[in-house]
Amino acid sequence: MAEPVISTQPRTPMAAAIAGAALGAVLGGLGLWLVLYNKPAAPLPPPALLALEDMGHLVSVKVRYANVIEFTQKITQGIPWTQWELRLGGTQVLLVARGDCLVGADMRQARYDAVDPAARTAVLLLPAPTTLSARVDHAPREQGGSYFYAVQGTGIEPLIPGSANRTQAIDAALQRAQQDVERTCEAASTVATAKENAEAVLKPLFSATGWTVQVRWQS
C-alpha cells in the first residue's frame with residue numbers, strides 16, 4: 001500500500017499574504033456586524049404638534065349663564081348754572097338674561113418648552129385660555145332665551161310721546177347682560193376650569209404615544 005505523501009515545503013510569501021488578507025476580511029466583517037447589531041437605538045423625538053395645530057382652538061369650557069338684570073333709564077332735566085339735575089321720571093326694566101360662553105386655548109401656538117427623549121417626557125407650553133364667544137340668548141322665552149319680565153314707566157315717562165326712552169332702557173339692559181356674560185367667562189375660576197379640562201384631554205393623547213407630558217400655561 002502506498003504511503004501518503006506529506007509536503008514539508010514552506011508556504012510562499014504570496015500564499016501567506018492571501019491568507020492574512022482573508023483572515024482580516026473575516027474579522028473586519030465580524031466587527032462591522034457587532035457594531036451594526038449592537039448599536040443602541042436612537043431616542044425617538046416627541047410627537048409632532050401638527051395634530052394639535054389642526055385643532056385650532058380647543059374649547060374646554062362652556063358656561064351656561066342666567067341672571068336678572070334690573071336697570072332704570074332716567075329722565076332728567078338739568079338745573080341751569082348748577083351741577084344738579086331734576087329727575088322727572090324714567091323707565092324701569094327687569095330682564096331675565098340667559099346666554100352662554102365658550103372658553104378655550106389656541107392650539108396653533110402650542111410648542112415644546114423642554115424635551116427629554118431618553119425618559120420620553122416633555123413640557124408642553126400653551127397659551128392661556130381665552131373667551132372664544134360670549135352671547136346673550138335672544139331666542140324666544142319658550143326656547144330658553146332671554147325675556148323682559150317687566151318694563152314700567154315712572155314720573156312723566158308715560159306722558160312722553162314715542163318709545164325712545166323705553167327703547168334706550170331695553171338696549172342698555174341687554175348691553176349690561178352682555179357685559180355680565182363676558183365677565184363670567186373671564187373669571188379666574190372659569191379659566192382655571194378650562195385649563196384643567198384641557199389637560200385632561202391632552203395628556204392621554206400623548207400617553208397613548210408613550211410620552212408623559214406636563215402642561216405649562218403662559219401667563
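**Legends to close-up views of a predicted model**

**View 1. Overall fold and surface of the protein chain.** In this predicted model, 29% of the 219 residues in the protein chain are buried (under 20% relative accessible area, with a 1.4 Å probe and protein chains only). The protein chain contains four helices and seven strands, taken as DSSP runs (helices: H or I, at least four residues; strands: E, at least two) and numbered from the N terminus. Read from the N terminus, their order is α-α-β-β-β-β-β-β-α-α-β. Of the contacts (heavy atoms within 4.5 Å) between residues at least 6 apart in sequence, 76% join residues at least 24 apart.

**View 2. Helices α3 and α4.** Helix α3 spans residues 164-186 and helix α4 residues 188-207, and their axes come within 5 Å and cross at roughly 50°; axes are lines fitted to C-alpha atoms over the stretch in contact, with angles running from 0 to 180 degrees between N-to-C directions. Thr184, Cys185 and Glu186 of α3 make the contact with Ala188, Thr190 and Val191 of α4.

**View 3. Arg141 and Tyr147.** The charged end of Arg141 sits over the ring of Tyr147, at 3.8 Å from the ring centre (for Arg, CZ within 6 Å of the ring centre and within 35 degrees of the ring normal).

**Notes to all views.** Residues are numbered from 1 along each chain as its sequence is written, and side-chain values use heavy atoms, leaving out hydrogens and water. Local features need pLDDT of at least 70 and side-chain atom pairs count only at pLDDT 80 or more, whereas totals for chains, interfaces and linings use all residues.

Methods. Buried < 20%, exposed > 50% of the residue type's maximum accessible area, 1.4 Å probe, protein only.
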